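Reader: I would like to learn how to read a structure like this one. Could you take me through it step by step?

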Amino acid sequence: MSASTLHALSSLRSGCIGRFAEMLQSWIGRIGVIVAPPILRIALAVPFFKSGLTRWDGFLSLSPSTAFLFENMFKLHIFGSEYPFPMPIVVAHLVGMAEITLPILLVLGLGTRFVALGLLTMTGVIQLTVPEGWANFHLPWASMALAIMALGPGRLSLDATLSAVAKRAFGKTK
């Protein structure tokens, strides 16, 4: 190819095609900022909520299988040793309540960063309890929780709605 042809192609690429690529990239970014946070919130909430549903036999009535697991089966694996949960029935109640309430709050986008921190903490304890589940479960859960903490709740959340209402009611704080 001649130098003038290469120059013409380069101009075309940097001109029309370049502007189109920049516009497309910008559009994908704007859509991602709107769509990613609620998808991450739902993806993290589902496994915890499903687990929470198995913990109960009625309103605040712990299922016998959950009590058995926390009293006899679940052990914390720390520094090569196994330790039982302290107050296993109390811990089972707290875990069961957290596995129901935190995912609901997360899907709604209410207190999102704090909820994600709570689920990240739970994931850490689950990792100590079931260390072989790190690659298939705990790593993705921790990654999603950290992403939610970093990105925030997004526009499609109660946090964003309440923030907008507060700004209108009390004026801008910045």
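**Reading the fold**

Author: Gladly! The secondary structure of the protein comprises six helices and four strands, where helices (H or I, at least four residues) and strands (E, at least two) are DSSP runs numbered from the N terminus. This is a predicted model, in which local features need pLDDT of at least 70 and side-chain atom pairs count only at pLDDT 80 or more, while totals for chains, interfaces and linings use all residues. Residues are numbered from 1 along each chain as its sequence is written, and side-chain values use heavy atoms, with hydrogens and water left out.

Reader: In what pattern do these elements follow along the sequence?

Author: The pattern of the protein is α-β-β-α-β-β-α-α-α-α. Its radius of gyration is 24 Å, well over the 16 Å that the globule rule gives for 174 residues, so the protein is more spread out than a compact globule. That radius is taken over C-alpha atoms, and the rule is 2.2 Å times the number of residues to the power 0.38. Along the principal axes, the C-alpha atoms fill a box of roughly 80 × 50 × 30 Å.

Reader: What share of the residues counts as buried?

Author: Of the 174 residues, 28% do. Buried means under 20% relative accessible area, exposed over 50%, and partly exposed in between (1.4 Å probe, protein chains only).

Reader: Is Thr66 buried or exposed?

Author: Thr66, found in helix 2, is buried, with a relative accessible area of 1%. Leaving aside residues up to four places away in sequence, Thr66 touches Thr54, Arg55 and Ala92, a contact being heavy atoms within 4.5 Å. Gly32, by comparison, has its place in helix 1 and is partly exposed, at 29%.

Reader: And how should I read a nonpolar core?

Author: In soluble globular proteins, nonpolar side chains tend to be buried together. A nonpolar core is a set of buried Ala, Val, Leu, Ile, Met, Phe, Trp, Tyr and Cys residues joined through side-chain atoms within 4.5 Å. The largest one here has 26 residues, and those with the most contacts inside it are Leu44, Phe70, Leu106, Leu119 and Met122. Helix 1 (3-53), helix 2 (64-73), helix 3 (88-108), helix 4 (112-129) and helix 5 (134-151) each supply at least two residues of this core. Helix 3 gives the most, with seven residues.

Reader: Which residues does Leu106 touch?

Author: Not counting residues up to four places away in sequence, Leu106 touches Arg41, Leu44, Ala45, Thr112, Val115, Leu119 and Ile148.
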